[in-house]
Amino acid sequence: MSEQLEMDELAYSSRMLDWAPLGKLLLVMALLIVGLCTDSIVVPLITFTIGIILMAYSTNMRIPTILALGIAEAIVIMVIGSGMISIMGNESEPALWDGQLLWFKVHMTVTSFNKAWLIFFRAVAGVTLMLSFASSTPIPHLAQSLRSLRCPKELVELIVLIYRYAFLLLERFLVMLDAAQCRLGYNGPMTAIKSYGGAMAGTFIFSMELAEKSEASLACRNYQGYLPIYRLPRSMSWKWVVFTFALAAVLLYIGWETVGLIDMEHIFAPYFGW
Amino acid sequence: MTQHVLEADHVSFSYSRKGPKVLNDVDLRIGKGVKTAILGANGAGKSTLFGVLNALKKPDEGRVLYQGEPISYKHRDIIRMRSEVSILFQNPNDMLFKPYVEQDVAYGPENLRLPRDEVERRVDDALFAVGMSEFRKSPTMKLSYGQRKRVTLAGVLAMKPQVLIMDEPTAGLDPQMAYEVMEIAEQLHRTGVTVIMSSHDTDLTYSWADEIHVMQHGRCVYSGAPEPFYSDKAAVYLAGLLPPKTFLMNDALSGLGASTREPFPKTQTQMSAKIAANPGGSFGTLYIHKVDADTDLNELVSEHGLGDIRTGIYGLSARRAQDRSLARVDYMYNGPENCTMNCMAGRDALLLCDPLMVDSARNSADFINASGYGDIRVEILN
Amino acid sequence: MSNIFEMRDVSFRHHPGTPTVLDHFDLEIEEGSRSAILGANGAGKTTMFYTLTGVYKPVEGEVLFRGEPLEYTREGLTRVRSDVSVVLQNPDEQMFCSLVEEDVAFGPLNLGIDRDEIEVRIDKALRDVRMSEFRTRPLQQLSGGQRKRVAIAGALAVDPKVLIMDEPTAGLDPQASMEVMELAEKLHLRGVTVLISTHDVDLAYGWADTVNVIRNGRKVFSGTSEEFYGNNEDVHLCGLLSPSTFNMNREISSLRGIPEQPCPRNVCSFLAKFGKGSHRPGRVFCVPYSEGDISSAYEEATRDAGDSARIGVYGSDARFALGGRKVDFYFDGIDSCFTEAVLGRDTVLFYDEIFGSTIREQAETLKAFGSDVVMEVVQ
């Protein structure tokens, strides 16, 4: 129905659901940081591959459209972003391409061109890794790991409740938009804006009413001031830490050794006659 | 040949590309002016079907036809179609867009770009039809569930649709309100609106609907008159439904050899009359008096010298007149049924009735007379 | 029997200055009874339930649980709530966790029950509502009807002595409603006091021992259904209509000039009373089911009863055990099978063992209506 629901469904059907959420988080964060720490393009390529492999494993070799779309979207945005970086090189360096593109003054240098590629690969790898985490870890699991990180209890409870109600409010909001359509709520742009406003207000009122009713029903179920958890999540074992640090060290070493191994300017030079 | 207002022509629909088919090759036609019920268990696809019929959702396969023409899904065509086809959603909270009752009822007509005074008039009429006139200026938030339901019904009525789709119109309502909603549905039918309602309450729809469509796991498994469907017990259970009580009792009694299976009684009164049939007995006269909204009922009753017999009320204008003159009425609900029952018991009865609703009002009496269960004289007074 | 709940002259308003929602309300609920609370929308049914469980504190009067006034302290309320469960009309209002099993465990965890015991209770509660295979699914992926079942499971997991259900069948399709009512009956037979608020008068008529009627926050009636519906004016004032079975009995009895009593409450007793004809009633082959394989019992019973016999089932365990076997009355098995018997046809009725007394009661009732249905219990 909506992306939010689809991501949630994915996370719950993931083969990585049982992995310790904190471990997954640690791994992803470490890979992201390592990717940023080296200037080699090889490292982001490796982390990108790891991200894709994790995603493929998590979704049982069937990467769904929504994830592919997410990555594709990142690629498009990054192409534009790195394109901008690549054409705004240091004026003092010799230019590969100098001139005017639309209303931009283009000054592409070897450094700017290579830097743009590096940023591009880092970004895409980062998005892929984060998507592989998001698509295998439902919010309540994330909340669990936050709990074990000694996050303030109130904050975590809030995250869980927001998560629960987000779906209810979303359901309501979507139905209200349908109802608005039935009553010709989109007959002209001003009407459409008003209808959106009406649906928002309706959802807001609904959330207030729900909160009020929930208070009473929580009491009925003998609520004691915190939301208890029945199935305590798998805690992160030392293996996760060891593995993550070992992997990070290896990647750092590879990054160190491979700086400049892949020179994008060299690869593209024949095609552009640089 | 009957004209069809809405047709689903082999329609399939799913919410996501790989998701299950919520509608699977649904092929049904809704005749103009035919009282139609869409029956099915929770999750059978009734609400989705309505979404498809009103162009909220575009089918993956098949087409939807309105007035014989395929829907084009162009903005302008859709607007035109929706100004004629309205949906009443099951949960009134989904339909309240404005903070005050009158604003909310005016929302639809305003979107139709009607002149101010026409909008005002429609709001007035619609609020009266649902008995919420005195709440005109109230904030919608302060209303109870039942009152909200009435307001949203008024909001839909104010658009004067030619086709009204009601999704579970009586769910969550107390019996009297549920009855009123059914009476409004009947009234709309008599004014020429095609009324379609979804329900899983077979008791309620049995006495009302002429034609039923049964949904089961996204398929339309039956279309037609109710009786053949309910006769197939296995099919009814598979569809997640139960046969109406009246139908079950009639079936069982005919199984005993106490009576023939047909004609099928559809209401409680018809059923009682069939069981206690006594053609030789004495019967009362059913006076059906057509009443306009501004008739003084007290005067009218005394004028005909009918003050001492049981009195029922039926239909919009009769209710408006009763509201104004505060006349004594014995049967505010189920008027036609209760009055007919009195006649069966040999007592005369008076039914104050909206002129449009006379045919509906005499339905049970006609059934009893035609089947030979009794001989009730029906006299229509102007 | 003693009263498990009592309300004495209770008044309640949400805030000072706002109108009273409960107005000098008196109520007695007998332990182990089946009580229905009837009233129109907004009559105060839900508020009354919340006052019973101590969520709302009355501004006047007192609420007694097992003869003792409620103590509005944490310990006092925990004591009440470990014995009393509430199922709300809208399941979304009472679910706070993301997964089915988490939500079912919510109540017991709040009561401080140990985890091994909770495991057993989750299992049992989910089996009772037939949602075991959904145990680890997130709630937002369930349909409305499934959420309702989970809400009921959450209430059952507390192992309550009193179960309060607010409009339990609202929004459910007829078969799901039947299952909920079967469950209510099962709990009643296990000794649980069941309290149901509803405006479905037909449903309440077939089920409740006593009805309490609320109008504008006041209790206007308490007693048997027939006494209440007998007075048309009161029924109308309360926003209700009388059940169709009751009306038809009244009409036909008066047309035929026979006494209104006894009043039939379901189809089979209605037919026993009015189905003229003098043939012999049929037999009901009763097959109680507790656990294990049902095949041999099924074969034997259907052989004994003969090919023409219709087969009915009552109770979720028996229904589950029968699986894909041929069954004519999947729901409402007791009423349907006895209806057949009244009509002179033989039937087989499979039911969860616990319903034995319900079935005997039904047979007794039919005798009172003049139909001597033969019950043969097949072991």
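**Ground rules**

Because the model is predicted, local features need pLDDT of at least 70 and side-chain atom pairs count only at pLDDT 80 or more, while totals for chains, interfaces and linings use all residues.

**Entry 1: a helix pair in chain A**

I looked up helix H2 (residues 21-37) and helix H5 (residues 110-134) of chain A, whose axes come within 10 Å and cross at roughly 180°. Helices here are DSSP runs (H or I, at least four residues), numbered from the N terminus. Axes are lines fitted to C-alpha atoms over the stretch in contact, with angles from 0 to 180 degrees between N-to-C directions. H2(A) and H5(A) are therefore roughly antiparallel (the label is for angles over 145 degrees). For the contact (heavy atoms within 4.5 Å), I noted residues of H2(A) including Leu25(A), Val28(A) and Leu32(A); H5(A) brings Arg122(A), Gly126(A), Leu129(A), Met130(A) and Phe133(A). I sorted the contact residues into nine nonpolar, two polar and two charged. In this scheme Ala, Val, Leu, Ile, Met, Phe, Trp, Tyr, Cys and Pro are nonpolar, Asp, Glu, Lys and Arg are charged, and the others, Gly among them, are polar.

**Entry 2: chain B with chain C**

Next I checked this interface, which takes 33 residues from chain B and 40 residues from chain C. The buried area (accessible area, 1.4 Å probe, lost on being put together and summed over both parts) is about 3,500 Å², with 63% from carbon and sulfur atoms. How many salt bridges are there between chain B and chain C? I found zero, a salt bridge being a side-chain nitrogen of Lys or Arg within 4 Å of a carboxyl oxygen of Asp or Glu. The side of chain B that touches chain C has 20 nonpolar, 10 polar and three charged residues.

**Entry 3: chain C with chain A**

Here 37 residues of chain C touch 31 residues of chain A, and about 3,200 Å² is buried, with carbon and sulfur atoms giving 52%. Phe96(C), Asn110(C) and Gln140(C) lose the most area on the chain C side, together 22% of what that side buries. I count three salt bridges across this interface. Lys213(A) pairs with Glu93(C) in a salt bridge, with the closest N and O atoms 3.4 Å apart. H3(C) gives the most to the side of chain C that touches chain A, with eight residues.

Definitions and conventions: Residues numbered from 1 in each chain as written. Chains lettered and ligands numbered in written order. Heavy atoms only, no water. Helix = DSSP H or I, 4+ residues; strand = E, 2+ residues; numbered from the N terminus. Parallel < 35°, antiparallel > 145°, perpendicular 65-115°, else oblique. Buried area = accessible area lost by both parts, 1.4 Å probe.
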